[in-house]
Amino acid sequence: MSLELFGHPFSSYTWKALIPLWADGTPFEFRQVPENETNYAELKRIWPFGKFPVLVDKGEVVAEVTCIIEHLQAHHRGPNVWIPEGDLGRRVRFLDRFFDLYVQGNMQPSVNHALRPDGMGDAYGAEQGLKNLRIAYDWLEANLPDSGWAAGETFTLADCAAAPALFYADWIDEISDARPKLKAYRARLLAHPAVARAVDEARPYRPYFPLGAPDRD
Ligand SMILES: N[C@@H](CCC(=O)N[C@@H](CS)C(=O)NCC(=O)O)C(=O)O
């Protein structure tokens with residue numbers, strides 16, 4: 001198989017790569033890490049940071065999931081246009097950065113704090129992250145469209161980033177009825193077939209969630 005994806009079914013950034021692969025019907029081999037020692041040793045050989053996902057395309061190593069999606073669009077084009085041309089494409093790229101940096105980036109300190117050994121956490125960082133996550137929620141509530149996807153009518157890179165970011169962010173700080181547009185957008189994302197598949201395939205791993213997975217979704 002020419003395409004291999006190293007990742008984990010519960011990992012948010014792995015979802016971001018799986019969603020476009022599945023939505024396009026692109027064949028690939030999934031190499032789960034870190035539990036599979038052979039796969040993990042191979043991942044660390046090709047990408048010494050050991051972070052995932054990483055795509056390997058006939059020997060070419062592509063890290064960073066936004067770059068993976070750009071690579072898929074350039075070399076394994078399917079029915080979806082992940083990054084359109086022009087102003088729409090620039091909006092898509094901006095929103096992709098927004099979901100990675102301002103949503104995932106601000107929820108991650110809470111997860112890190114919970115994962116660290118006693119006395120080694122960063123309660124202040126977690127609290128600051130939560131404060132900024134709520135600012136990100138407010139920004140999205142004010143700037144998301146009432147229907148469709150993050151950047152308009154088509155499902156793009158921005159939505160691939162949004163789906164895992166909002167799925168897990170809601171577990172850390174629930175998106176309440178006070179933010180109806182954001183809540184409805186998250187629900188539309190979870191109803192997308194590729195996202196629903198990611199949610200289902202991650203289900204067995206929910207006990208791993210360090211803050212305790214809520215009984216919803
Ligand atoms: N900036 C990277 C982030 C990748 C990342 O942080 N992945 C997490 C899993 S969601 C990971 O590899 N965690 C394990 C580790 O840091 O060793 C991307 O966009 O691909």
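In the predicted model, a nitrogen atom of the ligand is placed 2.8 Å from a polar backbone atom of phenylalanine 52, a polar contact being a pair of N or O atoms within 3.5 Å. Of the ligand's total exposed area when taken alone, 510 Å², the protein buries 69%; accessible areas come from the Shrake-Rupley method with a 1.4 Å probe. An oxygen atom of the ligand lies 2.7 Å from a polar side-chain atom of lysine 51, and a backbone N or O atom of valine 65 lies 3.1 Å from an oxygen atom of the ligand. Residues are numbered from 1 along each chain as its sequence is written. Because the model is predicted, local features need pLDDT of at least 70 and side-chain atom pairs count only at pLDDT 80 or more, whereas totals for chains, interfaces and linings use all residues; side-chain values use heavy atoms, with hydrogens and water left out.

The shell around the ligand consists of Ser11, Ser12, Tyr13, Lys51, Phe52, Glu64 and Val65, each with a heavy atom within 4 Å of the ligand. By class, this shell divides into 3 nonpolar, 2 polar and 2 charged residues; Ala, Val, Leu, Ile, Met, Phe, Trp, Tyr, Cys and Pro count as nonpolar, Asp, Glu, Lys and Arg as charged, and the others, Gly among them, as polar.

The space taken by the ligand is the largest pocket, the criterion being that more than half of the molecule's atoms lie within 2 Å of the grid points. A pocket is an open set of points on a 1 Å grid over the protein atoms alone, where a 1.4 Å probe fits, with protein on both sides within 12 Å along at least five of seven lines; lining residues have an atom within 4 Å of a point. The volume of the largest pocket is about 1,000 Å³. Its lining comprises 33 residues, with Ser11, Ser12, Tyr13, Phe52 and Gln108 nearest the centre. The lining has 21 nonpolar, 6 polar and 6 charged residues, and α4 makes the greatest contribution, with 8 residues. Helices (H or I, at least four residues) and strands (E, at least two) are DSSP runs, numbered from the N terminus.

Backbone geometry was also examined. The peptide bond from phenylalanine 52 to proline 53 is cis, with omega near 10 degrees, and proline 53 lies in the loop between α2 and β3 (54-57). A further cis peptide bond joins valine 33 and proline 34, with omega about 0 degrees; proline 34 belongs to the loop between β2 (29-32) and α2 (37-46). Glutamate 64, in the loop between β4 (60-63) and α3, has a positive phi of about 70 degrees although it is not a glycine.

Methods: Grid points are joined across faces, edges and corners, and a volume is the space filled by probe spheres set on the points. A polar contact is a pair of N or O atoms within 3.5 Å; within protein, one must be able to donate a hydrogen and the other to accept it, and residues adjacent in sequence count only if both atoms are side-chain atoms.
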